[in-house]
Amino acid sequence: MAGNEMIQVKNLTKQFGRLTVLDNITVSFHAGEVVSIIGPSGGGKSTFLRCLNLLETPTSGQILFDGVDICDKKTDINAHRQKMGMVFQQFNLFENMNVMRNLTAAPIKIKKMPQEQAEEKARGLLKRVGLIDKISSYPSQLSGGQKQRIAIVRALMMEPEVMLFDEPTSALDPEMIGEVLDVMKALAESGMTMIVVTHEMRFAREVSSRTLFLESGHIEEDKPSHQLFEHPESPRLISFLQKVL
């Protein structure tokens with residue numbers, strides 16, 4: 001069950017030169033919610049997600065995380081980023097480190113977690129995603145699906161309050177997509193707050209409590225997922241779903 005408002009986005013605008021990619025977006029995300037963001041390529045989905053932890057700096061507007069405006073120059077954004085796990089399309093693992101080092105480097109360095117504790121936590125999470133046997137492997141020895149599951153575990157190692165996923169299956173071969181979505185589904189069932197930019201309509205429909213349709217920098221529809229897919233209202237969403245379903 002979703003709880004209090006965790007992230008409040010108010011009048012968010014993002015421009016690249018003269019191009020407006022996000023146009024005055026206002027939306028909230030609640031603790032425990034799983035929200036999918038769908039829409040055509042170039043509609044602003046990834047830019048929106050990257051604004052939530054200031055990987056992209058908004059042109060104007062506010063983003064309140066746990067009540068703190070992270071767009072305020074006085075805010076320590078690094079402290080807030082520790083509470084926001086981010087999983088990218090391209091895994092971003094350190095090629096020169098084995099799986100254990102990839103997972104424990106940040107908690108030890110940033111959170112000052114004792115090494116023994118970090119390694120124990122890593123082993124527990126690797127068991128959860130079925131990769132304990134890869135603990136000493138290097139990224140070059142892993143499949144794409146395994147790399148992405150390791151990337152999810154790496155984000156979880158920091159004990160985030162919310163997980164942001166930027167098209168986490170788009171770089172994967174079709175047979176590897178399921179193993180990553182299974183991990184994400186289990187994470188959703190555990191109560192993790194998740195915001196997921198995705199092309200996987202089945203995930204959006206079946207796992208997300210809510211889905212946003214983002215098009216041309218605007219949120220065209222924002223509804224409980226089953227309602228959005230069964231009763232789309234905006235002509236643009238109807239046309240989009242006819243193409244992708």
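**View 1. Histidine 199 lies in the loop between β8 (193–197) and α7 (201–206).** Helices and strands are DSSP runs numbered from the N terminus, a helix being H or I over at least four residues and a strand being E over at least two. This is a predicted model, in which local features need pLDDT of at least 70 and side-chain atom pairs count only at pLDDT 80 or more, while totals for chains, interfaces and linings use all residues. Residues are numbered from 1 along each chain as its sequence is written, and side-chain values use heavy atoms, with hydrogens and water left out. With a relative accessible area of 38%, histidine 199 is partly exposed, a class that falls between buried (under 20% relative accessible area) and exposed (over 50%), using a 1.4 Å probe and protein chains only. When its neighbours within four places in sequence are left aside, histidine 199 is in contact (heavy atoms within 4.5 Å) with Gly39, Ser41, Lys45 and Glu167. Methionine 158 is 41 residues from histidine 199 along the chain, and the C-alpha atoms of the two are separated by 27 Å.

**View 2. Glutamate 167 occupies the loop between β7 (162–166) and α6 (174–189).** This residue is among the contacts of histidine 199 in View 1. Its relative accessibility is 11%, and glutamate 167 therefore counts as buried. The backbone of glutamate 167 has a phi near 45 degrees, which is a positive value in a residue other than glycine.

View 3. Two strands are taken to pair if DSSP finds at least two bridges between them; strand β4 (residues 60–65) and β5 run antiparallel and are joined by two bridges. Phenylalanine 65 has valine 68, in β5, as its bridge partner.

**View 4. Aspartate 66 is found in the loop between β4 and β5.** Its phi is near 50 degrees, again a positive value in a residue other than glycine. Aspartate 66 is partly exposed, with a relative accessible area of 36%.

**View 5. Strands β9 (residues 210–215) and β10 (residues 218–224) pair in the antiparallel sense over six bridges.** The two strands form a hairpin with two residues between them, and serine 216, in the turn, has a positive phi of about 50 degrees. Within this pairing, threonine 211 stands opposite lysine 223 in β10.

View 6. Taken along the principal axes, the C-alpha atoms fill a box of roughly 50 × 45 × 35 Å. Of the 245 residues, 51% count as buried, and among contacts between residues at least 6 apart in sequence, 66% join residues at least 24 apart.
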